[in-house]
Amino acid sequence: ASMHLQPDLSVKVVLAIESEPFSHLKSDARADVVREQLRPAAIDLRPGSAAQPLNADDPRVGFRKRGTLTEIAEDLRQRLAPILDDVKQLTGTARARRADIDAMLENGHALTREMAATAREMHALTQDLRGRVGRLGAQGERALDEANRSIVRLGHAIGQADQGLAAVNSRLPGMLNKTDEALVHLEAVLRDARTISAAAAKGVPELMRSAAPLIDDSRDTVQGLRESWPLRSMLPAPPPAELPIDSHDAAALHAPTPR
């Protein structure tokens with residue numbers, strides 16, 4: 001309908017909108033100016049998505065200018081030109097340093113092979129460690145089982161020892177009583193032995209005094225029998241002992257010949 005230049009050099013555009021399209025405008029409605037090369041300029045109203053409708057007393061909408069295809073192309077060219085220059089420079093640099101890049105790629109490939117070999121070795125080492133850990137776990141379980149069995153045996157032994165101590169404790173009073181009785185009997189026997197020894201000590205001197213004359217009489221009787229024995233004169237005298245030839249037996253030289 002009209003356009004007015006504002007003090008801040010902005011332009012106020014007054015539009016005449018029918019009531020039915022106007023009812024669809026929201027508080028965040030926007031107006032885009034579309035200018036194409038082969039078509040006249042137009043204003044594109046965007047109704048917006050807010051919940052509040054556009055205020056009928058002050059129906060103002062925001063304005064945004066949308067560029068033409070030429071402007072868009074120019075803007076795109078301006079944006080892409082630096083990127084293309086950078087790509088061209090990077091391509092030239094890469095072409096100039098192709099040998100270095102090839103060396104880097106070869107080094108990376110060699111490093112990849114070494115890392116693969118290292119990974120295989122680590123995998124083998126892991127398998128070995130897993131096997132060792134498994135064996136250690138099995139040995140630990142066996143050791144625990146043996147320890148448990150030893151503890152059980154020790155418990156049985158302790159129980160038997162407790163039973164033996166209980167039996168000893170139950171029998172010990174009787175054994176002590178028997179020992180006391182044996183000591184009493186032994187003391188009585190010792191008293192009897194002392195009595196007998198005392199009686200024998202009193203009788204031994206008289207017996208020894210009476211035994212001396214008997215010994216003298218026996219010596220005289222034996223001497224008389226030796227002198228008056230009749231068979232002594234009937235037996236011939238024993239021959240002298242003959243010495244063996246080449247004998248060095250001192251017993252044969254000095255010992256008398258048995259009769």
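How much space lies in the largest pocket, and which residues line the largest pocket closest to its centre?

Reply: This is a predicted model, in which local features need pLDDT of at least 70 and side-chain atom pairs count only at pLDDT 80 or more, while totals for chains, interfaces and linings use all residues. Residues are numbered from 1 along each chain as its sequence is written, and side-chain values use heavy atoms, with hydrogens and water left out.

The largest pocket holds about 640 Å³ of space. A pocket here is an open set of points on a 1 Å grid over the protein atoms alone, where a 1.4 Å probe fits, with protein on both sides within 12 Å along at least five of seven lines; lining residues have an atom within 4 Å of a point. The volume is the space filled by probe spheres set on the points, which are joined across faces, edges and corners.

Of the 21 lining residues, Val-13, Val-14, Pro-59, Arg-60 and Val-61 are the closest to the centre of the largest pocket. Two or more lining residues come from each of β2 (11-14), β3 (30-34), β4 (42-46) and β5 (62-66); strands are DSSP runs of E with at least two residues, numbered from the N terminus. The largest contribution, four residues, is that of β2. By class, the lining comprises 15 nonpolar, three polar and three charged residues, where Ala, Val, Leu, Ile, Met, Phe, Trp, Tyr, Cys and Pro count as nonpolar, Asp, Glu, Lys and Arg as charged, and the others, Gly among them, as polar.

Strand β2 also runs antiparallel to β1 (residues 2-5), joined to it by four bridges. Val-13 in β2 is the bridge partner of Met-3.

Note on methods. Two strands pair if DSSP finds at least two bridges between them.
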